[in-house]
Amino acid sequence: MNTSFDILPIEKWFEPFLEKPVIIAGPCSAESEAQVLSTAHEISKNKKVSIFRSGIWKPRTRPKSFEGVGEKGLAWLQKVKKETGLLTATEVATPKHIELCIKNEIDVLWIGARTCSNPFSVQELANAAEGADLAIFIKNPINPDLELWIGAIERFAAKGIKKIGAIHRGFFPFEKTPFRNIPKWEIFIELKRRFPNLPILNDPSHISGSKKYIKEISQKALDLAADGLMIETHFNPEQALSDKEQQIKPKELSDLLSKLTFRKSDIQSIDFTNQLEQFREQIDSIDLQMLELLSQRMKIVENIGKYKCENDVTILQLRRWEKIISSRMETGKNLGLSEEFILKLLQLVHKESIQKQVEIMKNDNFNKSKIKIY
Ligand code: PEP
Ligand code: MN
């Protein structure tokens, strides 16, 4: 892997130089000129914010949702820049979007999570960006595939783009989590380790999916030396046409920024440079995911218990249990885990699963007499 491409430090992307951490704020979507301008004016009162974001073309999961105001919103962003002095940012998903942004002097572009997941689209965008003095952020792909994320960054770097950064916005969680997108901090840390000079911002809004975790996620990102934050801010979130649960008001943004601790990420800062801390963050994140998966597994075990109960079959199914042991041992061994450890772990999980099913059978008044454990 070539890690040697030229990356300009984020502070130097614009003149006057930006201050770190770089704060990007603005609504999920541009909805009307009045909404864009009043939100921008409110936000611009806080001097920590340097870039105003607003989606013009919106990738929506289901059709017939609000898909953005399109090209006319670019003129609103130009007004924001003229009236507030904030730099402007929007999402691009097609070469045409890039062309229009260049024409309308949008300062910063970003590639969304869905687009980043498709190398064909990313390549087309990188081709369209070639030769332009663009500043671009690549959001992580929907799935936790670090190589795919790096690949997208490389496609732009290969076209000579030097103002290039990444935005960590979390990953689609198959398992149930409190977050809209699971952060998987270990991926953020690994990207930082592989590309120490690459600016990486965090997007607590799309990780949280609701206002309530934004502070916690922002602080964690800052403690892990994120170079900045992108926070969805709307002058009237209740009325927002997209992502209304996660948007905060400009006043709440100011409160949040005043409460966050901005630590130094240089050599004196033990928070990030302490290797042990970095490893512990990775362990914490993995443990959380393990617990979530175990809880999900137990729920399935309960369903199986009910099903066995209804069909009057025994809890213990020896052939299945033997198959679990042999297949997991094989997989675990290939993953470098000891046989003894896998066996102990499986026995522990299996014991708990049996216990759960015993409870289910016990609680089933009709089947009380039918419990058979061999
Ligand atoms: C957005 O920033 O509004 C957006 C659509 O983000 P993502 O690509 O992270 O879902
Ligand atoms: Mn959004």
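Start your tour by selecting K139 and ligand 1: an oxygen atom of the ligand is 2.8 Å from an N or O atom in the side chain of K139. A pair of N or O atoms within 3.5 Å is called a polar contact here; within protein, one atom must be able to donate a hydrogen and the other to accept it, and residues adjacent in sequence count only if both atoms are side-chain atoms.

Before moving on, note that this is a predicted model, in which local features need pLDDT of at least 70 and side-chain atom pairs count only at pLDDT 80 or more, while totals for chains, interfaces and linings use all residues. Residues are numbered from 1 along each chain as its sequence is written, chains are lettered from A and ligands numbered from 1 in the order in which they are written, and side-chain values use heavy atoms, with hydrogens and water left out.

**Stop 1: around the ligand**

Now select the whole shell: C28, R53, K58, E91, W110, G112, A113, R114, K139, R169, H206 and E232. A residue belongs here if one of its heavy atoms lies within 4 Å of the ligand. Colour the shell by type and you will find three nonpolar, two polar and seven charged residues. In this scheme Ala, Val, Leu, Ile, Met, Phe, Trp, Tyr, Cys and Pro are nonpolar, Asp, Glu, Lys and Arg are charged, and the others, Gly among them, are polar.

**Stop 2: helix α7**

Next, select residues 185-194, which form helix α7. Helices (H or I, at least four residues) and strands (E, at least two) are DSSP runs, numbered from the N terminus. Show the side chains of E190 and R193, which meet in a salt bridge at 2.8 Å, N to O. The term means a side-chain nitrogen of Lys or Arg within 4 Å of a carboxyl oxygen of Asp or Glu.

These two residues are three apart, about one turn of the helix. E190 also forms a salt bridge with R194, with the closest N and O atoms 3.8 Å apart. E190 and R194 are four residues apart in α7, so about one helical turn separates them.

Which of these side chains is exposed? R193 is, with a relative accessible area of 53%, whereas E190 is partly exposed at 22% and R194 is partly exposed at 21%. Buried means under 20%, exposed over 50%, and partly exposed in between (1.4 Å probe, protein chains only).

**Stop 3**

Step back to T177, in the loop between β6 (163-168) and α7. Is T177 buried or exposed? At 14% relative accessibility, T177 counts as buried. A polar atom of its side chain lies 2.8 Å from the backbone oxygen of F179.

**Stop 3: out to the surface**

Finish with L335, L337, F341 and L345, which make a nonpolar surface patch of about 400 Å². L335 sits in the loop between α13 (318-334) and α14 (339-363), and at 65% relative accessibility it counts as exposed.

Note on methods:
Patch = residues over 30% accessible without salt bridge, like charges linked within 9 Å, V, L, I, M, F, W, Y side chains within 5 Å. Areas by Shrake-Rupley, 256 points an atom, 1.4 Å probe, with all protein chains shown as cover.
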